[in-house]
Amino acid sequence: MKQQHSFSRGNIMIVDDNPANLKVLEEMLRQEGHEVRSFPRGRLALGAAARNPPNLILLDINMPEMNGYEVCERLKASEIEAVSGVPVIFLSALDETEDKMKAFRSGAVDYISKPFQFEEVHARVETHLKLHHLRRALIQHNDRLEETVAARTRELAEANERLTILDRSKNDFLNLISHEFRTPLNGLLGVGELILDEMSSTVEHKELERLFRESRRRILSILDDALLLSEIDVNGENFRPVPISLIGAAGRAIEATREFAESRQVKVNSLPAAPGLVLGHEDLLTRAFHALLETAVQFSAKGETVRLACESVADSIRIVIESCGRTIPSTAIRKFFDIFSIGEAMNPGGDLGLGPPVAHRILSLFGACVSVENRELSGIRLTVSFRLCRP
């Protein structure tokens with residue numbers, strides 16, 4: 001007896017109205033280790049297949065009551081996948097091409113002509129049993145994969161929902177903190193103003209006033225920037241971009257920066273004409289440019305000028321902001337726009353607060369980008385790139 005792999009053994013159903021054919025096929029297949037069930041009528045075979053689907057069916061064509069074509073069609077029409085998916089091999093003395101074509105149209109996977117040879121039957125049975133087992137294994141694998149994907153999707157959806165809740169809670173918390181800070185802070189700042197007004201005009205008192213105003217500016221700036229970062233993270237989609245004038249937003253930012261620049265004895269020149277429109281939110285882009293200009297001022301030496309230039313490249317435009325004075329430590333350049341680098345000593349002129357990350361986040365929101373580098377002699381260069389709007 002040939003050694004058989006358990007993988008290729010199967011539950012085989014034979015349907016033939018000829019008892020001699022049934023007996024021969026039963027003996028042949030049982031010798032190969034298969035479990036065999038035989039039926040002389042199609043109706044009996046259909047009932048048995050519905051109750052206990054086989055792995056393979058050997059089906060005669062010419063039978064009383066119901067021929068093989070009809071039996072095969074009913075099997076394939078079953079709503080039970082385990083029944084409709086059973087491979088059917090026709091065994092028939094009909095050897096015309098049309099007979100074979102009709103068998104395949106009814107759903108058969110193979111056709112063996114009578115009188116059959118054992119070697120041929122064995123080879124066809126083994127092949128289709130293996131294919132059937134592989135198909136079932138693939139279906140089971142796909143089912144498990146779908147279940148895994150569905151479970152993972154549910155987990156990700158739940159995690160995303162939790163993150164959304166946390167983001168909104170963070171935003172609400174920051175809004176609350178900002179409001180609660182501002183109420184007592186306004187009292188402190190107001191008292192500070194009153195005290196400064198009562199102080200005599202000495203060099204020492206002027207320095208105290210300068211420190212007071214710088215600290216007030218920095219506290220309010222950090223509060224505003226932290227709230228804006230949170231708002232962009234949580235509700236960034238609410239800032240819908242529209243075509244705006246780049247030179248208009250930059251011009252307003254320059255005007256907003258002049259007082260700070262003058263306090264540092266630094267000048268800021270105007271932006272040359274910038275052609276075309278870019279996509280963005282006018283107030284946010286003004287805020288981004290303002291943050292970058294203040295950063296450039298902080299890296300400028302007294303008496304120097306922050307210079308702006310405009311460069312058009314193909315369908316994009318670049319705004320270059322250059323300072324002359326201090327440079328960024330080489331180890332800090334790569335994390336210059338990192339929100340967590342706020343406390344690092346990047347600039348001897350004082351820490352930068354949240355200005356650089358705020359500018360970076362705003363510009364990224366509208367598909368623009370910003371980079372920083374040290375100039376060859378002194379100072380830094382900030383480059384902002386936008387894609388121009390096309391009519």
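Figure 1. The cut-offs explain the label, because buried means under 20% and exposed means over 50%. Gly325 sits in the loop between β10 and α10. Which residues does Gly325 contact, leaving aside neighbours within four places in sequence? They are Phe299, Ser300, Ala301, Ser378 and Gly379. Glu304 is 21 residues from Gly325 in sequence. In space, the C-alpha atoms of Gly325 and Glu304 are 7.7 Å apart.

Figure 2. The structure holds four aromatic pairs. One of these views starts with Phe299 and Phe336. Their ring centres are 6.3 Å apart. Their planes meet at 50°, so this pair is tilted. Phe299 lies in the loop between α9 and β9 (305-313). Phe336 lies in the loop between β10 (316-322) and α10. The two are 37 residues apart, and the pair links distant parts of the chain. Phe299 and Phe336 are both buried.

Figure 3. The ring centres of Phe336 and Phe337 lie 5.1 Å apart. Phe337 is buried, like Phe336. Ring pairs join Phe299, Phe336 and Phe337 into a cluster.

**Figure 4. Thr257, a buried residue of helix α8.** Helix α8 covers residues 246-263, and Thr257 is part of this helix. Is Thr257 buried or exposed? Its relative accessible area is 0%, so Thr257 is buried. Not counting residues up to four places away in sequence, Thr257 touches His290, Leu293, Glu294 and Val297.

**Figure 5. The largest pocket.** This pocket has a volume of about 770 Å³. Its lining is made of 30 residues. Closest to the centre are Glu214, Arg217, Arg218, Phe260 and Glu294. Which elements give two or more residues to the lining? They are α7 (203-235), α8, α9 (282-298) and α10 (355-365). The largest share comes from α7, with eleven residues. Sorted by class, the lining has 13 charged, nine polar and eight nonpolar residues.

**Figure 6. The second largest pocket.** Its volume is about 160 Å³. Twelve residues line the second largest pocket. Nearest its centre lie Ser263, Arg264, Gln265, Lys302 and Arg326. How many of the lining residues are nonpolar, polar and charged? The lining has three nonpolar, five polar and four charged residues.

**Figure 7. Confidence along the chain.** The mean pLDDT of the chain is 83. A pLDDT of 70 or more is reached by 89% of the residues. Which element has the lowest mean pLDDT, and which the highest? Among the elements of the chain, α7 has the lowest mean, 76. Strand β7 (residues 267-268) has the highest, 94. Over residues 1-7, the pLDDT is below 50. This stretch has ten contacts in the model, beyond near neighbours in sequence. Where pLDDT is low, predicted coordinates should not be read in detail.

Terms used: Residues numbered from 1 in each chain as written. Predicted model: local features only at pLDDT ≥ 70, side-chain atom pairs only at ≥ 80, totals over all residues. Heavy atoms only, no water. Helix = DSSP H or I, 4+ residues; strand = E, 2+ residues; numbered from the N terminus. Buried < 20%, exposed > 50% of the residue type's maximum accessible area, 1.4 Å probe, protein only. Contact = heavy atoms within 4.5 Å. 1 Å grid on protein atoms, 1.4 Å probe; cavity = no way out; pocket = protein on both sides within 12 Å on 5 of 7 lines; lining within 4 Å. Points joined across faces, edges and corners; volume = space filled by probe spheres on them. Nonpolar A, V, L, I, M, F, W, Y, C, P; charged D, E, K, R; others polar. Phe/Tyr/Trp six-rings, centres within 6.5 Å; stacked < 30°, edge-to-face > 60°. pLDDT = per-residue confidence, 0-100.
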